[in-house]
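Please keep the sequence and the model in view while reading.

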Amino acid sequence: MRRELRRKLFSKEQKTAITEFDERMVRKLIRQITIYQDRAVIEFKSGLQITMKK
């Protein structure tokens, strides 16, 4: 629950769109990225999963 609250607060604090890679932010938000032949699955620490097809 605290993690979700921190994520929401972080999102509200952002003034502009994120336009460049920030490794520290990636490590805070993403638990795992799995690459398959036909898709990539990104799992966030909040439990949300996004599937990106080729």
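Q: Which residue is the bridge partner of Val41 in E3?
A: Strands are DSSP runs of E with at least two residues, helices are runs of H or I with at least four, and both are numbered from the N terminus. The model is a predicted one, in which local features need pLDDT of at least 70, side-chain atom pairs count only at pLDDT 80 or more, and totals for chains, interfaces and linings use all residues. Residues are numbered from 1 along each chain as its sequence is written, and side-chain values use heavy atoms, without hydrogens and water. In E3, the residue bridged to Val41 is Thr51.

Q: How many bridges join E2 to E3?
A: Two strands count as paired if DSSP finds at least two bridges between them. E2 and E3 run antiparallel. Among the pairs, Arg39 is bridged to Lys53 in E3, and Ile42 has Ile50 as its partner. The number of bridges joining E2 to E3 is 5.

Q: Which residue in the turn between E2 and E3 has a positive phi?
A: E2 and E3 form a hairpin with 4 residues between them. In that turn, a positive phi of about 105° belongs to Gly47.

Q: Which residue of E2 stands opposite Gln32?
A: Strand E1 (residues 30-35) pairs with strand E2 (residues 39-44) in the antiparallel sense over 5 bridges. The two form a hairpin with 3 residues between them. Ile35 has Ala40 as its bridge partner in E2. Opposite Gln32 stands Glu43.

Q: Why is one side of E1 and of E3 left without a neighbour in the sheet?
A: The open sheet has 3 strands in the order E1-E2-E3, with antiparallel pairing. E1 and strand E3 (49-53) each have a single partner strand, so one side of each lacks a neighbour because both stand at the edges.

Q: Which helix gives the most to the lining of the largest pocket?
A: A pocket is an open set of points on a 1 Å grid over the protein atoms alone, where a 1.4 Å probe fits, with protein on both sides within 12 Å along at least five of seven lines; lining residues have an atom within 4 Å of a point. Of its 13 lining residues, the closest to the centre are Arg6, Arg7, Phe10, Lys28 and Leu29. Helix H1 (2-13) and helix H2 (23-29) each supply at least two lining residues, and the one giving the most, with 5 residues, is H1.

Q: Which residue meets Arg27 in a salt bridge?
A: A salt bridge is a side-chain nitrogen of Lys or Arg within 4 Å of a carboxyl oxygen of Asp or Glu, and the count by this rule is 3. At 3.0 Å, N to O, the partner is Glu23.

Q: Where is confidence lowest in the chain?
A: The predictor's confidence in each residue is pLDDT, from 0 to 100. The chain averages 85, and 94% of the residues score at least 70. Confidence is highest in E1, at 95, whereas the lowest mean, 73, is that of H1.
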